[in-house]
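Here is a short note for a colleague who is opening this structure for the first time. The points below can be followed with the model on screen.

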Amino acid sequence: MSGLSARLAAIVDALPLVPGMRVLEIGGAPGAAAKAVARRIGGTGGKTGGHVLMIDRSANGIALTRQNASAEIEAGILSIRQVAAEEFHLLPGERPFDLAFAVRVGALDGRHPRAGQVALRRIADALTPAGRLFIDGGDPLRELQLPPRDGS
């Protein structure tokens, strides 16, 4: 997988990706994994093709991702948003995601438990009822249990 470290390639390979799905990457700057996932699920973007939304709290990380993933962004298979996981909400009219993943995100790997509780709620609310969340730290991934979604 071009442009990815062996570790990141193994993580992307382990994700249960299906063409056409909507994927949320949390803390993904500078965008290498998001680009690889977007190419796998892509298609034409928009409502009929797959799409990746990569979020990151860092303005510098977002700027770097915008630069690194300009082709995927222009193709409509990748978008980026500057926001922390614990502050993330779907935008009005935005469709929920089928899958979310994060690599080295402190709010999800136990380094920041309070932020993690809020982030898990936000992620659960942004996923479809069958949506799943994966983080690094397994072999190479592990799935996190999500809290019940609002309104469930």
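1. The model is predicted. Start with helix 2, which is mostly covered: seven of its 10 residues are buried. The buried residues of helix 2 are A33, A34, K35, A36, V37, A38 and I41. In an α-helix there are 3.6 residues a turn, so residues three or four places apart point the same way.

2. What does the sheet look like as a whole? It is an open sheet of six strands, in the order 3-2-1-4-5-6, with mixed pairing. Strand 3 (78-82) and strand 6 (141-144) are the edge strands, and each of them pairs on one side only. On average, neighbouring strands of this sheet are turned by 25° against each other, direction ignored.

3. Helix 2 (residues 32-41) packs on this sheet. The strands touched by helix 2 are strand 1 (22-26), strand 2, strand 3 and strand 4 (97-102). The direction of helix 2 makes about 165° with that of strand 2.

4. Strand 1 and strand 2 pair in the parallel sense over five bridges, and R22 stands opposite H51 in strand 2. Strand 2 (residues 51-56) is also joined to strand 3 by five bridges, and these two run parallel as well. Here I55 stands opposite R81 in strand 3.

5. Is strand 2 mostly covered or mostly open? It is mostly covered, with six of its six residues buried. H51, L53 and I55 point one way from the strand, while V52, M54 and D56 point the other way; all are buried.

6. Helix 3 (residues 59-68) lies across strand 2 and strand 3. Its direction runs at about 165° to strand 3.

7. Next comes the largest pocket, with a volume of about 400 Å³. Its lining is made up of 25 residues, and those nearest its centre are G27, G28, V103, R104 and V105. Helix 1 (6-14), strand 1, helix 2 and strand 2 each supply at least two residues of the lining. By class, the lining has 14 nonpolar, five polar and six charged residues.

8. R104 deserves a separate look. It is one of the residues nearest the centre of the largest pocket, and it lies in the loop between strand 4 and helix 5 (113-126). Is R104 buried or exposed? R104 counts as exposed because its relative accessibility is 58%, and the cut-off for exposed is over 50%. The phi of R104 is near 55°, a positive value in a residue other than glycine. Most residues other than glycine have a negative phi, and most peptide bonds are trans.

9. Where are they? A cis peptide bond joins A29 and P30, with omega about 15°, and P30 is in the loop between strand 1 and helix 2. The peptide bond from D139 to P140 is cis too, with omega near 5°. P140 lies in the loop between strand 5 (127-136) and strand 6.

Technical notes:
Residues are numbered from 1 along each chain as its sequence is written. This is a predicted model: local features need pLDDT of at least 70, side-chain atom pairs count only at pLDDT 80 or more; totals for chains, interfaces and linings use all residues. Side-chain values use heavy atoms; hydrogens and water are left out. Two strands pair if DSSP finds at least two bridges between them. Helices (H or I, at least four residues) and strands (E, at least two) are DSSP runs, numbered from the N terminus. Axes are lines fitted to C-alpha atoms, for helices over the stretch in contact, and angles run from 0 to 180 degrees between N-to-C directions. Contact means heavy atoms within 4.5 Å. On a 1 Å grid over the protein atoms alone, a cavity is a set of points where a 1.4 Å probe fits but cannot get out, and a pocket is an open set with protein on both sides within 12 Å along at least five of seven lines; lining residues have an atom within 4 Å of a point. Grid points are joined across faces, edges and corners, and a volume is the space filled by probe spheres set on the points. Ala, Val, Leu, Ile, Met, Phe, Trp, Tyr, Cys and Pro count as nonpolar, Asp, Glu, Lys and Arg as charged, and the others, Gly among them, as polar. Buried means under 20% relative accessible area, exposed over 50%, partly exposed in between (1.4 Å probe, protein chains only).
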